[in-house]
Amino acid sequence: MSNKPLLDAYSGRRPQRLPVWFMRQAGRSLPEYREARAGTAMIEACLDPDLAAEITVQPVRRHQVDAAIFFSDIVVPLALAGVPVTIEAGIGPVFTTPVRDASDVARLAEAGPLTEAALAPITEAVRRTVTLLDGTPLIGFAGAPFTLAAYMVEGRASRDHLAARRLMHTDPAAWSALMDYAADVSAAFLVAQIRAGAEAVQLFDSWVGSLREADYRANVLPASARVLAAAKAEGVPTVHFGTGTGELLPALRDAGADVVGVDYRVPLDQAVARLGGATPVQGNLDPALLAAPWPVLEAHVRDVVEKGRAAPGHVVNLGHGVPPDTDPDVLSKVVRLVHSL
């Protein structure tokens, strides 16, 4: 066993202390985050090494979670690669020129790969974060190729990602090229974080739950596998997470992840069974229950922990992100409860 419970659990072991962290733990639920980010646009904040490091570390100071996750956004590597994108309040990422056909994909590729020079603000932010964390593991962060592609094709968030799925089926060559481009960008983003000090990485596929398993395996899995392989070649554990992916859990594992994140829709023991019982898992508290009376939330936490015992390793997390109106004291209380179990 190491002195880092998170890394032990990711390796399929059971440390003395059950590890816990939360997706979106560094964000609008923290008053110190709102104060630090006041007047600073999202992408600008992500590219300010001092600010990104401070925001990343805030939930570790407040909640005593077992890991920090690098403060960024899934479209940051695209912005660094020269793709015109903004993040608008209440809307999210907006692409001024959506990718709709093979010529649009070719235009992306002409800009060339994501360079070390372009990634300099990220590597510097990670280095500063690692210093501030003083031994607490940092998890690197990137969006998976399908989610990046879906944003670029749709131009913004979408309910059903119809335009992206349509391109997948009507122009397979353009789709394949787009996935290759997104995979290269994500891989470069993750590798830069690892080389600067991240001790694990998580690949987020926020929108992949809109796909059938056959479509995922044929048209998405190879690109995600390339990203995960690039990260694993650097010698760190990899986590793969998507929302609405109860039917895709084995496929997410088969893309090459060491750990599979499970959203709140599938009981954790069922998810472990679907994964064959040999894969460490992460999850899967329901974010909605963070607003419930404490006895209700406590019972839910205990149930998730108990169901997670079916897995060789378990990192307690939310089955999605922290809602912005969450009481930070509730998160701290959940951490203390998990550690006591």
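Student: Which residue of β4 is the bridge partner of Ala68?
Tutor: Keep in mind that this is a predicted model. Ala68 belongs to β1, which covers 68-69, and β1 runs parallel to β4, joined by two bridges. In β4, the partner of Ala68 is Leu138.

Student: What is the order of the strands in the open sheet?
Tutor: Good thing to ask! The sheet has seven strands with parallel pairing. Its edge strands are β1 and β9 (314-318), each pairing on one side only.

Student: Which residue of β5 is the bridge partner of Gly140?
Tutor: Strand β4 (residues 138-143) pairs with β5 in the parallel sense, over five bridges. The partner of Gly140 in β5 is Val201.

Student: Why is β5 largely enclosed by the rest of the structure?
Tutor: Start with the general rule: in a regular strand, side chains alternate between the two faces of the sheet. In β5, Ala200, Gln202 and Phe204 point one way, while Val201, Leu203 and Asp205 point the other way. Buried means under 20% relative accessible area. Strand β5 (residues 200-205) is largely enclosed because the number of its six residues that are buried is six.

Notes:
Residues are numbered from 1 along each chain as its sequence is written. This is a predicted model: local features need pLDDT of at least 70, side-chain atom pairs count only at pLDDT 80 or more; totals for chains, interfaces and linings use all residues. Side-chain values use heavy atoms; hydrogens and water are left out. Buried means under 20% relative accessible area, exposed over 50%, partly exposed in between (1.4 Å probe, protein chains only). Helices (H or I, at least four residues) and strands (E, at least two) are DSSP runs, numbered from the N terminus. Two strands pair if DSSP finds at least two bridges between them.
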